[in-house]
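Morning, everyone. I'll walk through one model, contact by contact. Sequence and structure are coming up now.

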Amino acid sequence: MGKRMGRKALSRSAKELAPELLGKLLCRKTDKGVLKYRIMETECYCGEKDTACHASRGKTERTKVLYEKGGTAYVYLCYGIHALFNVVSGKEGHPEAVLIRGVTGYNGPGKLTRAMEIDRTLNEEDMVTSHLLWLEDDGYKPEYVAAKRVGIDYATEEYRNILWRFIVKDGAYKPAK
């Protein structure tokens, strides 16, 4: 049985939180019951200077959630079809988030949100207090590797090449390209 992650843990910087979330349990209450999947892959996005971060052009209606307190859900639509799920991190007022790219059984951010019924209705959900979406820590700490983030061709070379993607190294999980 895992312990719900609290505000202090989720308010760390995205660079700290992204590898720390590996092995944690992403939990979602649905009409079918509570779904729990172990996080296997993450990416971090770190503020307005990070040209891959949605907040790189400042605060907008879409990105205002990135400026919220750590532990807030940021769910956005990618290519008009895939809901992608992020955990806002860091200090309130500084836009940072960790994209959850994969969980056990689902190697891709769109696949995991479909499987867990995570959609835009959960955008801005407070995962510290929510009964619909939260994170649990059951003590599991996997080995992992760091790699370049994917799908960010629009970012500057510096931010395309930084190793801010974290993947569990267990021999079974295969990250999506």
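Let me start with a question: does Tyr-144 count as buried, partly exposed or exposed? At 40% relative accessibility, Tyr-144 counts as partly exposed. The cut-offs: buried is under 20% relative accessible area, exposed is over 50%, and partly exposed is in between, with a 1.4 Å probe and protein chains only.

Ground rules next. This is a predicted model, so local features need pLDDT of at least 70 and side-chain atom pairs count only at pLDDT 80 or more, while totals for chains, interfaces and linings use all residues. Residues are numbered from 1 along each chain as its sequence is written, and side-chain values use heavy atoms, with hydrogens and water left out. Helices (H or I, at least four residues) and strands (E, at least two) are DSSP runs, numbered from the N terminus.

Now the aromatics. Rings of Phe, Tyr and Trp (its six-membered ring) pair if their centres lie within 6.5 Å; planes under 30 degrees apart are stacked, over 60 edge-to-face, the rest tilted. That rule gives 3 aromatic pairs. One of them is Tyr-37 with Tyr-106, edge-to-face, 5.5 Å centre to centre and 85° between the planes. Tyr-37 lies in strand E3 (residues 33-46) and Tyr-106 in the loop between strand E6 (96-103) and helix H3 (109-115), so the pair ties together parts 69 residues apart in sequence. Tyr-37 is buried at 18% relative accessible area. Tyr-106 is partly exposed at 29%.

Back to Tyr-144. Its edge-to-face partner is Phe-166: 5.9 Å between centres, 80° between planes. Tyr-144 is in strand E8 and Phe-166 in strand E9 (residues 165-168), 22 residues apart. Phe-166 is buried, at 8% relative accessibility.

On to charges. Side chains of opposite charge can pair when their charged atoms come close. Here a salt bridge needs a side-chain nitrogen of Lys or Arg within 4 Å of a carboxyl oxygen of Asp or Glu. The count comes to 9.

Take Glu-136 and Lys-36, with the closest N and O atoms 3.0 Å apart. Glu-136 sits in strand E7 and Lys-36 in strand E3, so this bridge ties together parts 100 residues apart in sequence. Glu-136 is buried at 6% relative accessibility. Lys-36 is partly exposed at 38%.

Next, Glu-41 and Arg-165: the closest N and O atoms are 2.7 Å apart. They link E3 to E9, 124 residues apart.

Then Glu-143 and Lys-169, 3.9 Å from N to O. Which residues share salt-bridge partners in one network? Glu-41, Glu-43, Arg-101 and Arg-165.

Lys-141 sits between strand E7 (133-137) and strand E8 (144-147). Lys-141 is exposed, at 59% relative accessibility. Leaving out residues up to four places away in sequence, Lys-141 touches Glu-20 and Lys-24 (contact means heavy atoms within 4.5 Å). Its C-alpha is 9.1 Å from that of Leu-21, 120 residues apart along the chain.

Last, strand E4 (residues 73-78). Why call E4 largely enclosed by the rest of the structure? Because 5 of its 6 residues are buried. E4 pairs with strand E5 (residues 82-88) in the antiparallel sense, over 6 bridges; pairing requires at least two DSSP bridges between the strands. In that pairing, Cys-78 stands opposite His-82. Comments welcome.
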